[in-house]
Amino acid sequence: MKIRFVTLGCKLNFAESSALGRSLLASGHTRAKDGEQADICILNTCTVTDTADHKCRQALSRLRRENPDATIIVTGCYAQLTAELPKPKGLEDADYILGNDAKFEIPEIVKRLENRQKATDAKEPIVLSTTIREVDTFHGALSFSHVDSEGEEQHTTIADRSQRTRCFLKVQDGCNYFCTYCTIPYARGKSRNPHIAELVREAQQAVSDGAKEIVLTGVNIADFGRSTGETFLQLLQALDNLEGEYRLRIGSCEPNLLSLEIIDFVADSRHIAPHFHIPLQSGSNEVLQIMKRHYTRELFAERVAYIRKRLPYAFIGVDCMVGVRGETETNFIDYLSFVEQLDVSQLHVFTYSERARTRMVEMDLPVVPPTESKRRSDILHRLSEQKTKAFYAANYGRQACVLWESRNDKGQMAGFTENYLRVTAQYAPNKVNTFETIIYHL
Ligand code: SF4
């Protein structure tokens, strides 16, 4: 059968789509080519914001329009939350709606569909979903990707060797934190993970298959160990000892879980890149309280200062949210002055959107008007540009190790250094998927 995958959202979704894709291709199915009608379409969705929901609905309409006779399976976080509603509102065009756990039944469903025509008279999608909070199984996944010559990340289900530059390894799933604005714990379930030994086996296989960079992904990755009694630090120690030439990047880590011990280990490690992604969300302690985050801004500043002490040129990316309920102008000014002082490399700015089921929508707090949220977001975006520019300038003339990864196109190739500086050079085919030491120039 010809299968089309459309994946939206985070790296975790891409890793899971890839794992499913590999399993389907191994069973003899093929990938529908561009412009070709698919027999089965699989849409892996996201529900992190209103916009994400909208994109899922748009992607479904498009799949239905372009593949009128296909069986369409919608899965992922938006599907999980929709499956729990009395009516599958917004996903009526689907034939199957599968929650996040049922997602891994797709190879079995495809097998059953193989010798059958699509049931055109079915009025409602078939919904398969479990109560996600009760799920404690972990489904491993990894995907390969490389940046193309435009600097865009391209994920592949089955990558040829030259495209196996980077692999995203799922090390954890779910979250127990229930921040007041977030739907993810409702869509992904409780925090869980596999044993370290299993992840070491997968990572070693990926390196042996040609991956030069492994990025650890999950929902709350530093919470690793809840289901196995191990720790995130132990995982890093084990993954730092693989055989072969590779580097490791840590995905987003909650600041309260990013201990000084972990930072010390990264600083002294052989393979872990000096690259941190830390969600701040607000620089106002009052707003952090409303959000029910697990730290104060003082703890956050301490972590950043310690990273800078041990790894002065590390890339530090910080998630910042604006416009949550109750965020006053005074809170925002306080937030802004805090972030201005932070020695970080980039801000990833998100605007809060009201999400059903979250505790924040029940809070009796003033809603920030959209124009005001946009103004705050624009201010932080401008600040981010200044910080990134300063970070690049500070690296000028320094020695760095780049992993070249794009293929030719416009006679250029691109890659990232260990501290996440994007660099380009004239295309040299023999350098793709190899490390090179360079002197960084702007
Ligand atoms: S830590 Fe908070 S923001 Fe992150 S997934 Fe968990 S509940 Fe959501």
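How many nonpolar, polar and charged residues make up the shell around the ligand?

## The ligand shell

By class, eight residues of that shell are nonpolar, one is polar and one is charged. Here Ala, Val, Leu, Ile, Met, Phe, Trp, Tyr, Cys and Pro count as nonpolar, Asp, Glu, Lys and Arg as charged, and the others, Gly among them, as polar. Around the ligand sit C175, Y177, F178, C179, C182, I184, P185, V219, N220 and E254; a residue is near a molecule if its C-beta atom, placed from the backbone, lies within 6 Å of it.

A word on the source: this is a predicted model, with local features needing pLDDT of at least 70, side-chain atom pairs counting only at pLDDT 80 or more, and totals for chains, interfaces and linings using all residues. Numbering starts from 1 along each chain as its sequence is written.

F178, one of the residues around the ligand, has a phi near 50°, which is positive even though the residue isn't glycine. Most residues other than glycine have a negative phi. F178 lies in the loop between β9 (166-170) and α5 (184-188); helices (H or I, at least four residues) and strands (E, at least two) are DSSP runs, numbered from the N terminus. F178 counts as exposed because it has 12 C-beta neighbours inside 10 Å. The cut-offs, counting other C-beta atoms within 10 Å: buried at 20 or more, exposed at 12 or fewer, partly exposed in between, with C-beta atoms placed from the backbone.

Y420 is another such case, with phi near 65°. Its place is the loop between β16 (412-417) and β17 (422-426), and with 19 other C-beta atoms within 10 Å, Y420 is partly exposed.

## Helix α12

α12 (residues 370-394) has 25 residues and reaches 36 Å from its first C-alpha to its last, close to the 36 Å expected at 1.5 Å a residue; the expected span is 1.5 Å times one less than the number of residues.

Which residues of α12 are buried? They are S373, R376, L380, S384, K387 and F391. These pack against β13 (315-322), α11 (329-341) and β14 (346-351), where contact puts two C-beta atoms, placed from the backbone, within 7 Å.

## Strand pairing

Six strands form an open sheet in the order β2-β1-β3-β4-β5-β6, with parallel pairing. β2 (30-31) and β6 (126-128) are at the edges with a single partner strand each, so one side of each has no neighbour in the sheet. Strands pair if DSSP finds at least two bridges between them.

Elsewhere, β15 (residues 399-404) pairs antiparallel with β18 (residues 435-439) over five bridges, and three bridges join β15 to β16, also antiparallel. V402 stands opposite E436 in β18 and opposite T417 in β16.
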